[in-house]
Amino acid sequence: MIRCLAIDDEPLALRQLASYIEKIPFLELVESCESALDANAVMEREPIDAIFIDINMPDLNGMDFVKSLTSPPMVVFTTAYSEYAIDGFKVDAVDYLLKPFGMDDMLRAANKLKAHYELVNGNKTTVQTTTALDDDTLFFKTEHRVVRVDINKIRYIEGMSEYLRIHLDDSPRPLIVLLSMKKIEERLPRNIFMRIHRSYIINLKKIQEVNKSRVILDADTYLPIGDLYREAFNEYLNSKFLGK
């Protein structure tokens with residue numbers, strides 16, 4: 001687990017940043033700080049592996065704060081001003097997030113942190129993300145907790161680099177877990193789930209319609225069928241097809 005601080009003088013931005021950190025399984029949010037001075041106080045009493053810090057802050061800006069540290073942790077700068085990017089990398093920042101940034105940008109930065117951390121610490125962040133309980137249940141580690149999921153409630157799974165978004169019938173928000181498409185594909189029953197695209201696995205029972213090169217799960221969910229997966233998907237359709 002990579003122990004992190006979120007540092008930003010804007011309360012809304014700080015809450016958003018903290019929320020993103022808490023959604024990533026291998027990051028642990030130690031504390032949210034509204035100034036570099038507050039962050040320094042935390043770092044004097046707590047071991048910190050990484051900081052996500054805004055550059056433009058009163059009293060002591062993020063860049064000067066990092067430069068003042070004798071042994072700085074890994075750094076990801078956040079700012080609304082792109083002109084600071086070059087300065088950020090001059091102080092060996094792992095990444096630079098330009099506001100407003102989304103979860104995908106945050107995941108990219110987190111991946112870089114993880115790669116750097118593992119290089120230095122010998123891959124200590126590797127975790128077991130799924131555990132099988134029975135044929136209908138999987139456990140997923142997400143947001144510092146372990147969640148039990150009935151596989152029949154999985155609508156579809158979306159791949160994002162080293163992460164998955166697991167979309168469920170009974171949750172408005174997908175679970176975000178550190179796991180590969182290949183790994184979860186191996187754990188799911190093939191008579192219920194099928195990979196239709198390099199980025200999508202669907203629950204076959206949730207299909208409402210197939211339209212040209214798309215699978216429609218509901219009025220808002222249209223998923224593409226990839227060329228590499230089209231033949232297998234068409235074979236499935238033909239096995240279920242009634243009519244001429």
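This is a tutorial dialogue on reading a predicted model, one feature at a time.

Me: What ground rules apply before I look at this model?
Reply: The model is predicted, and local features need pLDDT of at least 70, side-chain atom pairs count only at pLDDT 80 or more, while totals for chains, interfaces and linings use all residues. Residues are numbered from 1 along each chain as its sequence is written, and side-chain values use heavy atoms, with hydrogens and water left out.

Me: Which strand order does the open sheet with parallel pairing have?
Reply: Strands of a sheet pair through backbone hydrogen bonds, either parallel or antiparallel. Here, strands (E, at least two residues) and helices (H or I, at least four residues) are DSSP runs, numbered from the N terminus. Two strands pair if DSSP finds at least two bridges between them. In this open sheet of five strands, the order is β2-β1-β3-β4-β5, with parallel pairing. Its edge strands, each pairing on one side only, are β2 (27–33) and β5 (95–98). From one strand to the next, the twist averages 20 degrees.

Me: How many bridges join β1 to β2?
Reply: Six bridges join β1 (residues 2–7) to β2, and the two run parallel. As an example to find on screen, R3 has E28 of β2 as its bridge partner.

Me: Which strands does helix α1 lie across?
Reply: Contact means heavy atoms within 4.5 Å. Axes are lines fitted to C-alpha atoms, for helices over the stretch in contact, and angles run from 0 to 180 degrees between N-to-C directions. Helix α1 (residues 11–23) lies across β1, β2 and β3 (50–54), and runs at about 165 degrees to β2. Helix α5 (residues 103–121) also packs on the sheet, where it touches β1, β2, β3, β4 (74–79) and β5, with its direction at about 170 degrees to that of β5.

Me: What span does α5 reach from its first C-alpha to its last?
Reply: The expected span of a helix is 1.5 Å times one less than its number of residues. With 19 residues, α5 reaches 26 Å, close to the 27 Å expected.

Me: Which residues of helix α2 are buried, and where do they sit around the axis?
Reply: Buried means under 20% relative accessible area, exposed over 50%, and partly exposed in between (1.4 Å probe, protein chains only). In α2 (residues 36–45), A36, A39, V42 and M43 are buried. These residues are on the same side of α2 because they cover an arc of only 115 degrees around the axis, the arc being that of the directions from the helix axis to the C-beta atoms. Turned away from that buried side, the other face carries the exposed residues L37, E44 and R45. Among the elements covering the buried residues of α2 are β1, β2, β3 and α3.

Me: Which residues touch the most other members of the largest nonpolar core?
Reply: A nonpolar core is a set of buried Ala, Val, Leu, Ile, Met, Phe, Trp, Tyr and Cys residues joined through side-chain atoms within 4.5 Å. Of the 30 residues in the largest one, I21, I24, L27, F52, M106 and Y163 touch the most other members. At least two residues of this core come from each of β1, α1, β2, β3, β4, α5 and β11 (175–178), and α5 gives the most, with seven. Leaving aside neighbours within four places in sequence, the contacts of F52 include L17, I21, L27, V76, M106 and L113. A second, separate core of 20 residues includes A36, I55, V66 and Y96.

Me: What is the strand order in the antiparallel sheet?
Reply: This open sheet of five strands has the order β11-β10-β9-β13-β12. Its edge strands are β11 and β12 (193–197), each pairing on one side only. Strand β10 (residues 163–168) pairs with β11 over four bridges in the antiparallel sense, and R165 stands opposite I176 in β11. Helix α7 (residues 227–240) lies across β12 and β13 (200–203), at about 140 degrees to β12.
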